[in-house]
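Me: I've got a structure to go through and I'd like to learn how to read it. Can we take it one question at a time?

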Amino acid sequence: MKVLQKVLPFLLLVALVAGCAAPVAAPSAPAGGGAAAPAEGAQPYAGTTLRLVGANHPWQEAITPLLAEFEAATGIKVNFEALGEDQLNQKLTTEFTAGGSDIDVFMQRPLQEARVMQLNGWYEDLTNCVSDPNYDFADFADGAVGTTTVNGVLTGVPIVTEQEVLYYRKDLLEAAGLAVPTTLDELKAAAAALTDKDKEIYGFVARGQRSPLVTQFSSFLYSMGGDWFDADRKATINTPEALAAIDLYGTLLREYGPPGVLNMSWPQAVAIFAQGNAALYTDASSIYSNMLDPEKSAVADKTGVAKFPAGPAGSIMYNVTSWGLAMHSGSKHKEAACEFIKWATSKEIVLKTQGEGAVPGARESVWADPAGAAAFPADWVEAVAASANGRGYDRPLVTAVTQARDIIGGAVTVAIEGGDYVAAANDANAQFQALLDSEQ
Amino acid sequence: MITRFIDRHQRWLFPAPAVIFIVVMMIFPLGFTLWNSFSGWSLTAGRPNTFIGPQNYFDLLRDARFWNAVLNTFYFTALAMAVELALGVAMALLIDARDYPGKRIVTSLLLLPMMATPVAVAMVWLLMFEPTAGVINFVFGQLGLPKQLWIAGSSSVIPSLVLVDVWEWTPLITLIVLAGLAGLPSEPFEAARVDGASYGQTLWRVTLPMLLPTISVAGLLRFIDCIKTFDIIYGMTGGGPGFSSETLNIYTYNQAFYYFNFGYASALLVIFFTIVSGVSLLVAYSRRRLEV
């Protein structure tokens, strides 16, 4: 009943919108055909309005003030709707499922939703759009493009890349006479030494919420020698390596983490760190400004960034494209949408979003340009460069990824609470195997 | 001509808008959900909306998360209803006990929690429950009481959510019971007084039995609301920590809008609907027996 209650209003809305949209789309068609008046030659899509749906994210904050430039240059109006990550996914899926959505361009998390959306045919393949030699698509890092390419379809242009890094409090480590942890054993020892619960200083903080924790747990899993499943698609959540990783992550948060960690995703964990209540914190490199910007953080001048610590298998962190810019296959303004995507991911604009807006992009030429790295702290750039060979996924590469995250994250939360995590991992492994089998 | 048509078909035409509304907004969605529950419709598996028989229901019976959700739903509902009914009736008796200046104002103040938007309520309680920076633990600390995890602990999360529900919805019970009290005849009370009954005896043997139909209506309303509580749980825990506050409604929502298994979610809804209507019928039936 609920499904329908949600979908039915959309159907009605879509019917309304479809009725209204048709005459609006009509005038732009001849313009796109090149028959426009000569004066408008430079602006073949003038008058078109693009509907862009995206997330509340530093990239959105960086691109929004630049939209006026694009609008002035092309005459295309861009309406950017920004939503929370979960709401974004639901909005996109609901609108696309109902059909006839007028979304033209959207922000997408390739590892989270690209497989589902590609399976359902909601992507316009961008291969042709990015083939313009002036645009220089080859400039994008291969790994980043690999992440957004699903079954041969270029589902999106990479806009944000991230790696898992270690944030640490220089002053606390120094006061305790400790070096920056380079191994997971050192991390655990330092977390234990720096925890002073009476003063509300916690040695370690990270995500403890069931689903959000999975991506940040991944580097622990990889570095302990584990993975989500093996080459034969056999789930490996309960191997000795995986169990060691689950135990380590659970112990760190249970013994040295703040109270209430089970309800923490990154905004809550960042808040604890930025208020000065935590000494060590592992999370995505892309959220560093929350800790290093004096306006957002009380410990901005005392925070350092380091490469993810090494486990028995070495230091294996994730290194992924966390966001891509995609075009909806049902868009009625595909040429204009392509113009926008090319503009937003051009060298010039990436230099601005990355160099000034400090959003790590995927263009190699921008990273090579001193101006492209200027906005970032030196130790951050070093940590990110050291993560170049990290794994290209921070969650299992399956279609039902949300379900997989809940299954795996559920077992990790048992460890954080000090429960029987071995039984939970065995259970999770069986469920995850069933999910893997159902997708073959 | 048209007038004559209307005159002749009056009994069809006048209820038509209501009938159409019910068909479009209730019967069709219900039927469609029922159909979906027998289909394998899933966006993540790429399966279309085709008939697969009762497979979803068989899968549900073996689904540990489903049973966990059933348990959580009834735990939450039972705890919330017990506290709300006891508190609500007690408050009504207290307010009704005698006349005093400002009685009306007290009754109006009772309405305030119910007028707040549930999601806003959830957000405020979320901040108050925060274990390190929240005001509740601060007060606990000042009073020398041990700090609690509240919604961040898997055993304390449901009682904490019940606390929020109690805060918001106990006044509803109080108001219904107050209305019931106002409608009671005065003769039985006079008779009890003449017979020398104490306050406790009057309450237990006269007031409460006569209020029972009212209380059962209030209870039924709260039952239906409690069992389908969504906003405060979604807003505060999303079913966590782990799965310890995942009720049937939250699980269904996850299946439908996070996993996109529409067929499976529909089967969950059909079971949910059966439970709610089953209990409602039971209460309605027992109420009729009570009144006879």
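Predicted model: local features only at pLDDT ≥ 70, side-chain atom pairs only at ≥ 80, totals over all residues.

Reply: Residues are numbered from 1 along each chain as its sequence is written, while chains are lettered from A and ligands numbered from 1 in the order in which they are written.

Me: How are helix 9 and helix 18 of chain A oriented to each other?
Reply: Helices here are DSSP runs (H or I, at least four residues; strands are E, at least two), numbered from the N terminus. The axes, lines fitted to C-alpha atoms over the stretch in contact, with angles from 0 to 180 degrees between N-to-C directions, come within 9 Å for helix 9 (residues 213–223) and helix 18 (residues 401–416) of chain A and cross at roughly 70 degrees. Angles of 65 to 115 get one label (under 35 is roughly parallel, over 145 roughly antiparallel, the rest oblique). So helix 9 and helix 18 of chain A are roughly perpendicular.

Me: Which residues of helix 18 of chain A does helix 9 of chain A meet?
Reply: Contact means that C-beta atoms, placed from the backbone, lie within 7 Å. From helix 9 of chain A come A:L213, A:V214 and A:F217, and they meet A:R405, A:I408, A:G409 and A:V412.

Me: Where do the buried residues of helix 17 of chain A sit around its axis?
Reply: Buried means 20 or more other C-beta atoms within 10 Å of a residue's own, exposed means 12 or fewer, and partly exposed is in between, with C-beta atoms placed from the backbone. In helix 17 (residues 378–385) of chain A, A:W380, A:A383 and A:V384 are buried. Their arc (of directions from the helix axis to the C-beta atoms) is 95 degrees, so they line one face of the helix.

Me: Which residues are exposed on the other side of helix 17 of chain A?
Reply: The buried residues of helix 17 of chain A pack against strand 6 (157–169) and strand 9 (303–307) of chain A. On the other side, the exposed ones are A:A378 and A:A385.

Me: Which helix of chain A gives the largest share of the side that touches chain B?
Reply: The contact takes 29 residues from chain A and 32 residues from chain B. Helix 1 (2–32), helix 4 (85–98), helix 5 (110–119) and helix 18 of chain A each supply at least two residues of chain A's side. The largest share, five residues, comes from helix 18 of chain A.

Me: Is A:P370 buried or exposed?
Reply: A:P370 has its place in helix 16 (residues 370–373) of chain A. With 8 other C-beta atoms within 10 Å, A:P370 is exposed.

Methods
Contact = placed C-beta atoms within 7 Å.
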